[in-house]
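Let's walk through this protein together, one piece at a time. Keep the structure open beside you as you read.

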Amino acid sequence: MARTRKGVIAHVVADYMQHTTLHGYRYLTEPGRHWFERLLWMVVHALATGGVVWQVNTMYQEYRTQVPITTVQSTHYHVSLVPFPAVAVCDINKIRKSRVQALAAKLIRDHGLGGVTREELTGLLRFLGRLYDHSREGEEHVQRLEQLFVDYNVTLDYRGVMQMLGSQCDELLLACRWAGKPMPCGELFETRKTMEGYCCTFNYVRSTDNFDTRLHANGSIATVRLAPPLHSHDEKGDVISEDAQRSLTDGPMMGLSVLVNSNISEYFYPLLPTTGIKLLVFNPNDYPDTASGGLIEKLVMPGQEVFFKLGSVTTKPTADVVGLSKERRSCLFNNEKILFSNFYSYSDCLMDCRVQSMRNLCGCLPFYSPVKGKEEDTRVCEIGDLRCLDKHTEMWQTLRPREALPGLELEMTQSLECDDCFPACGDTVYNVETTSMPLQQVLMDHSNFLKGFKVENHSVFHIFFGSSSQTLMNKSVRMAWPDLLSNIGGICGVFVGFSAMSVIEFLYFFTLRVFVALSSRRRTKLGRAAAAGVLGLGEPTPSGLTAPGLKPVRGAGDSGPRRDQDRGQSRRLAPRYPSELLSAGVLLTPTTAPVDGGYFSWGRYNVQQPQHRHHQHGALHQHQGTHHGPHRH
C-alpha cells in the first residue's frame, strides 16, 4: 500500500485513536467493529463533548462575572494594629454671643450702616448661622442684612469670620489625657474643617483640608504634623498612614479622655435644640462626611460623664481582587483615584462630587468645604447664595443609587449622582457603644485628671477600645484562576477523561509523530532513488505491465524464438525496478546469478544479468511457478 503524505497522517490519526488516554476513542477506529458500533460511539462522544463545552462555558461565565466576597479572617486582630479613630469635638452652639456682639460693634464703627443699632445688627448677624444649615427661615431678616452689606459696601471674609464666631479649642477643651498620660489639649487637638464647620480634631492625619495635598487652608505648603505617632505599623495591605496614633491596649485609661466646657451663657445660634457638644468619630484618613456612611455622631450633654467603647472591623483585599474591574469588585484601591493625599477614601470622592455640583449649580462653596487649589481662587458662598443652597441641600445629602429603583423615579432625579465613587477596598470601620452617668463633683475631686475643676457646664467623655481583640476581614474572590482551572479539569475528567497529559499526548502525536513519519518517508524515498541510480535501473514500472524490458519470467520449458526476442529487446532498453516494491520502501539485492548470464532473482521478479563485455541489460520476468525469496538490506 502506498505511503503518501495523506496516508502518513491518516496512519498517525489511527494510531492516536488506538493509544489515546481519552475514554472510548479507540472504538471509533478499532478494526473489526461494526458500523453501528462506530456510529453509537460517535453519538456518545458528541454528547460528552457538548456536555463539557456547556459546563466549561457556564463555569467561565461565572468566573468572569463574579464579585468579591468578604469573610472573617480573624477575630483576634490585636488592637495595636488598628489605628485609633479620628475624633472631632464640635460645639453645638455655632455663634458665641460675645463674639457676634463684638463683630456688630466693629461693623458699625467701620461702616456706619445708616444708624443701625448694635442690638439690631447683632440680631441680624445671627442669621449668618444659616450658612451652616442653609435654611431660609427668617428670609426677610437675611434680605435686610444682605441689603445693608450691599448699600454700605461691607465685604466679609466668611471663612475667617465664621471661624472667629465659633468656639475656639482652648475655650472648649479644658483638660485632656491620652494613653493614660495627661497632656495639653493644644498638643492633641487642632482646628480643622468638617461638615459641622470648624471643630477641634484629634488624630486627623490629613495634612490639609483642601483637595490639593500641597496646600494648607491658608495656602501655605503642607508640612509634617507636629504630633509624633505613638505607635505605627507598615503592614502589607494596610492603608492607614504611619502618623495615625494607635492604642497599645484596651480600656478607658489607654484611650482619650477630655473635659469639655460648653459655656451655655454664650449660646446664640445652636444647630440643635439642646446644649453640649457633638462628637464625630471617623477614619483618620477620611474627610468627616455623613453621606459616606463612615461617620459616627454622638452627643455629650453638660453634667454628664460618657464612656464610648470602640470596636473595629478592618478589611483587607487579596491580590486576586486587583484583577477584577472596579464595577465588579465595587471598590477602589489607593492608587486608582487620589484626591486628598497618597490614598483613596470613599468620603473624599463623595465630597469631591458634591463640591463639583455646588460649583456648577450655585457658583460657590460653603466656607467649610474643601477646595481645589488656593482658597482665594474659589468664591465662598455668602448670605445672598442661601436661596440656591437651600434649593439643592436635600439633593446634595441624598446619594443616587447605581441601579434604578421602581417607584422612586422622581427621587432619582433629585439626588446626587456620583457613579465614579466606590468604597475603598481596604478600610477600617468603627462602631461605638455608649454608656453615661451623671458627672459628680466628689468623683472629680478624687481624680488626678479632673481635680481642681468645678462641675458647672462641664462634661467628660472617654473614648477607648473595649477589647484588645478586633475583627479582621478578608476581601477575596470566590473563584480564583487556580480554582477555575481545577474545576474545568474535574469536569473534563468526568466527561471524557481529559487531563493535562491529554494535551501533551495530543501535541506529541500531531507534531512529533507526524514530523518523524514524514521525515522517514522522505529519507526512504531518497534512499531508493540513490539505490536505483547505483544499479543502473530506470524509472520503476509496476509488475505485470507489458512494457519493454519488463517481461514475465517463463518456466523451464520456455525457449525458442520468443525467448530470443525478449533478450534482443532487453539489450535496447534497461530493465525497470518494480514500482510496488519501490513505493513500499523495499530495496532488493540480487541473490542468484546463473553462470549462463541468466536473471537476478528478486522474489517473484527476475532481472537479466548484464553479459560480460557486452553490457547487456536484463529483462524483468514474472515466474509462473514458484518464487525465489527476496534478500533485503
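**A helical stretch, a sheet and some bonds**

Begin with residues 494-518, where the chain is 88% helix and 0% strand, and where the end C-alpha atoms are 35 Å apart. Keep in mind that this model is predicted. The UniProt annotation "transmembrane region", from an unreviewed entry, covers residues 494-518.

Now look for the sheet. Strands of a sheet pair through backbone hydrogen bonds, either parallel or antiparallel. Here, 5 strands make an open sheet in the order 5-6-2-8-9, with antiparallel pairing. Strand 5 (189-194) and strand 9 (296-300) are at the edges with a single partner strand each, so one side of each has no neighbour in the sheet. From one strand to the next, the twist averages 35°. Inside the sheet, strand 2 (residues 86-91) and strand 6 (residues 197-202) run antiparallel and are joined by 3 bridges. Find V87, and you will see F202 of strand 6 opposite.

Next come the disulfides. A disulfide is a covalent bond between the sulfur atoms of two cysteines. The whole structure holds 8 disulfides. In one of them, C169 pairs with C200, with the sulfur atoms 2.1 Å apart.

Another disulfide joins C353 to C418. C353 lies in helix 12 and C418 in the loop between helix 14 and strand 11, 65 residues apart. The torsion about their S-S bond is about -95°, so this disulfide is left-handed. C418 counts as buried because its relative accessibility is 7%.

How values were computed
Residues numbered from 1 in each chain as written. Predicted model: local features only at pLDDT ≥ 70, side-chain atom pairs only at ≥ 80, totals over all residues. Heavy atoms only, no water. UniProt positions renumbered as here; feature names shortened; annotations may be inferred. Helix = DSSP H or I, 4+ residues; strand = E, 2+ residues; numbered from the N terminus. Pairing = 2+ DSSP bridges. Axes fitted to C-alpha atoms, helices over the stretch in contact; angles between N-to-C directions. Disulfide = S-S within 2.5 Å. Buried < 20%, exposed > 50% of the residue type's maximum accessible area, 1.4 Å probe, protein only.
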